[in-house]
Amino acid sequence: MIRFDDQRTIWVMETKTAAYAIGLCESGTINHIYFGEKLPYLSDYPNASIEAKYPYTLGSELSAEEFMGWSKAKFTEPCLKATFADHVRDVVLEYCSWSMTADTLTIVLKDQHYPLSVLVTYKLYEEFDIIERSATIVNESEQCVALEAVLSGSTYVPKHQNYRLGYLTGKWVGETQFDQMMLTTTKVVLESRRGTTSHFANPFYTLDPNGQATEKSGEVYFGALAFSGNWKITLEKDRLGLVKISAGVNDFDFSWDLKPHSNFTTPSFYIGYSNAGFGEASRNLHRLQRQHLLPAPARGELRKVLYNSWDATYFDFDEDLQAKLAVEAASIGVELFVIDDGWFGKRMNDKAGLGDWYVNPEKFPRGLNGLIEKVNALGMDFGLWVEPEMVNPDSDLYRAHPNWVYHFPTRLRTEIRNQLILNLAREDVREYIVGFMDELLSKHPIKFIKWDMNRNFSEPGNPEAPISEQREVWVRHALGVYEIVTKLKERHPKVLFQSCSGGGGRVDLGIIQYFDQVWTSDNTDAYDRLRIQEGFSFAYCAKIMEAWVSDEVHPLNQRKLSLKYRFHSAMMGNLGIGDNLLKWSDTEKEEARELVELYKNIRPIVQHGDQYRLLSPRNNELSATMYVNRSKDEAVVFIFLRSNSFASTLPKLRLDGLEDHALYLIEGEQQPISGKALKQVGIKLNLIGDFDSTVIRINRVG
Ligand code: GLA
């Protein structure tokens, strides 16, 4: 609910348990007033005011502007920095008007002198205690305005407190690791300058006062940016008590030529508050994704068990080999059979072929449909890998259109994995991608696209565009991907899209509004995955998290894990299998069949239920994650033991998320037990040795 106090000109946005208040200051700016637990009365929320001045510090510096133009003596991170046609580089934004609908508040700010306005928007997701921030810059003049920094908004957490910052870092084969540190009096920048979201940092943060929050208790403020290009989140803490968080498009090497009578809308910045710890913060983000953000057609559908042949065959396959793998996959219960890299052009390795999206006639003399028919006859859907944004210099496409890649005419074109990036700022390039993808999807009954993106940007030149538009590529590329997938989904609404970028290099709240699921990491080692998947779960829901069962001895680190352990780890998200099934024994296939069957039974709880991180794999020999369905009558717990030593008895595992007074039966036990007892007393564990695991199902019986 949005409440307006016209006496004081303050707006209070109330969600289920939280409130976010802003107000008009005597300076004419819209300032932050309050963020935290909802208060009983409108009069409880303070006034908007500028604080006292100190020598060397103006009141404006101490004030908490929600959308600050770079002007006057303002030294913190601005949301808008621009140069007008007359070279004035000072954006003086003042409150003009406001409007609201049931769930959205829009504040209009106007520049004091120039016909430039900003619509600052807050959309409430009341049930999840989340607010979506964005801004639209409107140029109402007859001249261009050069935007040099445009963020989605600034937000604040209560002053004069210490905060612990939580964030996701990573690398290739080691994505989404959750790290924490105390936010000292400094400025911290989380960002990507790589052209896409990146493996190295993910646009998400948490802040908990004094580092006191746990999974189950305490206040947690969090934010996540919905953008898949260069992004930036800054956290500023000064000695005057202010803690300011700003997020949006990265201003590094950025500018946007805002033409007369045109707009620029920022990506959405989702901010939230939990007074029940990190667990509830994550669950609210997960619910938001499952109920609002994921692409609508398949949002409510369960994701299928897939097989992907990449780890099994790499580039070395033909129709015959794929057909043999398909028979095995179907026999263990796989529902979606995906062919990875290598089916097209002259793609025998990663040196050639990207860009030539015709079926390789040596590998598939009858085209792809011969194999697809076999896959469909086995009762499975068919999926295909593509990497549409890329080209190998050794390709017909590049030979025909060497200017279609980002480059600077006088510089070398740096190759990574022997490939260059197509310039999606160009309309003809976007049309070409829509064209070949549309043809591929029209000529073949394909139900799933694995869309890969295997390198970061270099030499981001767009030589045929005007100089004033050169630095727009960072945004135009990401918007180009969104536009292409939107067009393809309009034409092929039943096709699911997976976002992959050398593993989890492009996972964010922006991409998942276009893509139905993501590839979490090229690291499929089931033990390493526990850490990657735990970090992933801080920001993203299990339904979109693809996880594969792969080699018994993993090539990355030679760790040997049982089939059961590998399945259990992969069953915590969207189960897939990536191993060479032709090498599996009959006993392994039988065991796999049972485990796939188990997954299909628990899949609604895992994919659509609420997730509870019971024990973190970060610091524990024992780790556990639990999923509970929405009606709290079914649950499933995944438990993993690293090692047990000194003949120690494992502690009981205390569960969460169940109804206190309901009675539950633990799989394999005779005596029902209350939800409260499961929380307070816990369940006995029978794990032993190294790398043991178990999955326990729990059903409500009274
Ligand atoms: C990337 C992906 C892998 C696989 C290869 C194919 O590394 O993350 O899953 O698709 O490309 O080249």
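Student: Which residues of α11 are buried in this structure?

Tutor: The model is a predicted one. In it, the buried residues of α11 are Leu563, Tyr565, Arg566, Phe567, His568, Ser569 and Ala570. Buried here means under 20% relative accessible area.

Student: Which strands form the closed barrel?

Tutor: The barrel has 8 strands in the order β21-β22-β23-β26-β27-β28-β29-β30, and the pairing is parallel. From one strand to the next, the twist averages 30 degrees.

Student: What makes β26 and β27 a pair?

Tutor: Pairing requires at least two bridges. Strand β26 (residues 448–451) and strand β27 (residues 496–499) have 4 bridges in the parallel sense, so by that cut-off they pair. Tryptophan 451 stands opposite serine 499 in β27.

Student: What makes β1 and β4 edge strands?

Tutor: The open sheet consists of 4 strands, ordered β1-β2-β3-β4, with antiparallel pairing. Strands β1 (2–5) and β4 (30–37) each pair on one side only. The twist in this sheet averages 15 degrees from one strand to the next.

Student: How do you know that β2 and β3 pair?

Tutor: The cut-off is at least two bridges, and β2 (residues 10–14) and β3 (residues 18–24) share 5 in the antiparallel sense. The bridge partner of valine 12 is alanine 21 in β3.

Conventions: Residues numbered from 1 in each chain as written. Predicted model: local features only at pLDDT ≥ 70, side-chain atom pairs only at ≥ 80, totals over all residues. Heavy atoms only, no water. Helix = DSSP H or I, 4+ residues; strand = E, 2+ residues; numbered from the N terminus. Axes fitted to C-alpha atoms, helices over the stretch in contact; angles between N-to-C directions. Buried < 20%, exposed > 50% of the residue type's maximum accessible area, 1.4 Å probe, protein only.
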